[in-house]
Amino acid sequence: MAQNQMDILMPKLHDICLAIINEVKNLRSAVSCAAMATLGDMYVHLQRAMDSEVEGTARVLLHKASEANNFIRQAANFALGHMVQSCTPTRVMNALLVGGLSHRNAAVRSCTAQYLERLAKVMGMARLLSGKKDLTDRFLIAVSKLAVDPAQEVRHHGRNILRNVATKMWDKFAPRKERESLREVISKVNLKERRGASLEWVKSLT
């Protein structure tokens, strides 16, 4: 119906999304996965018409993406990926920040950081740093918080975004003759962090 009968679906879109959210929470994994696949299809076919439902649907998907069941996680990530690609970026960013930025579960915060990083690529750093309304402030505050999160997997995504921010700012404001040196600094920081992550992984095995 989302693909071929949008005119029938739209008048009851909110009620339909509430019903699907309830099925996402279903304890039977097959039902939950089917509901998440449905949300993914709705993002793809309805696109910005789903903007009003992004916050509610993202919250339940972020929660599901933190579950131990691999099939549940895959289904949640599949739907979240379509949300990021299909809906209005500013609405998606708001949904991610509201639904996962300060969540007590590190896995939810990690998923939030992962999709915020993907969203940054979709939107482009130029737009995110444009200073438009409160977009830039909210984005930078959120990324800064993620970059110092207690959980390593959350920090990883937050710092990736910060490095992209720094590169964009340097490309715009740094003297041309110094840009190559600054890129070398970023490369060294990246290498140091990868080595640190490898050491943490080795320690976790011993």
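What follows is a short chat about the predicted model shown above.

Me: What kind of model is this, and how are residues numbered?
Reply: The model is predicted: local features need pLDDT of at least 70, side-chain atom pairs count only at pLDDT 80 or more, and totals for chains, interfaces and linings use all residues. Residues are numbered from 1 along each chain as its sequence is written, and side-chain values use heavy atoms, with hydrogens and water left out.

Me: How many helices and strands does the protein have?
Reply: There are 11 helices and 0 strands. Helices (H or I, at least four residues) and strands (E, at least two) are DSSP runs, numbered from the N terminus.

Me: How much of the protein is buried?
Reply: Buried residues make up 41% of the 206 residues. Buried means under 20% relative accessible area, exposed means over 50%, and partly exposed lies in between (1.4 Å probe, protein chains only).

Me: What share of contacts comes from residues 24 or more positions apart?
Reply: Among contacts with a separation of 6 or more, those residues account for 64%. A contact means heavy atoms within 4.5 Å.

Me: New topic. How many salt bridges are there?
Reply: The count comes to 3. A salt bridge is a side-chain nitrogen of Lys or Arg within 4 Å of a carboxyl oxygen of Asp or Glu.

Me: Why can side chains pair up like that?
Reply: Side chains of opposite charge can pair when their charged atoms come close.

Me: Which residue does Arg109 bridge to?
Reply: Its side chain meets that of Asp149, at 2.7 Å from N to O. The pair links distant parts of the chain, 40 residues apart. Arg109 sits in helix α7, which covers residues 106–123. Asp149 sits in the loop between α9 (135–147) and α10 (152–173).

Me: Is Arg109 buried or exposed?
Reply: Arg109 counts as buried, because its relative accessibility is 11%. Asp149 is buried too, with a relative accessible area of 7%.

Me: What else does Arg109 touch?
Reply: Leave aside its neighbours within four places in sequence. Then its contacts include Gly100, Leu101, His103, Leu146 and Val154.

Me: Which residue pairs with Lys64?
Reply: Glu67 does, at 3.0 Å from N to O. Lys64 is buried, with a relative accessible area of 7%. Glu67 counts as partly exposed, at 26%.

Me: Which other residues of α4 are buried?
Reply: Besides Lys64, they are Val54, Thr57, Ala58, Val60, Leu61 and Leu62. The buried residues of α4 pack against α2 (13–24), α3, α5 (70–86), α6 and α7.

Me: Now helix packing. At what angle do α6 and α9 pack?
Reply: The angle is about 35°, and the axes are 12 Å apart. Axes are lines fitted to C-alpha atoms, for helices over the stretch in contact, and angles run from 0 to 180 degrees between N-to-C directions.

Me: Which residues meet there?
Reply: Thr90, Met93, Asn94 and Leu97 in α6 meet Leu135, Arg138, Phe139 and Ala142 in α9.

Me: Which residues touch the most other members of the largest nonpolar core?
Reply: Met42, Met83, Leu116 and Phe139, out of 55 residues. Helix α7 gives the most to this core, with 8 residues. A nonpolar core is a set of buried Ala, Val, Leu, Ile, Met, Phe, Trp, Tyr and Cys residues joined through side-chain atoms within 4.5 Å.

Me: Last one. What is the phi of Gln47?
Reply: It is positive, about 50°, although Gln47 is not a glycine. Most residues other than glycine have a negative phi.

Me: Where is Gln47?
Reply: Gln47 is in the loop between α3 (29–46) and α4 (54–64). At 41% relative accessibility, Gln47 counts as partly exposed.
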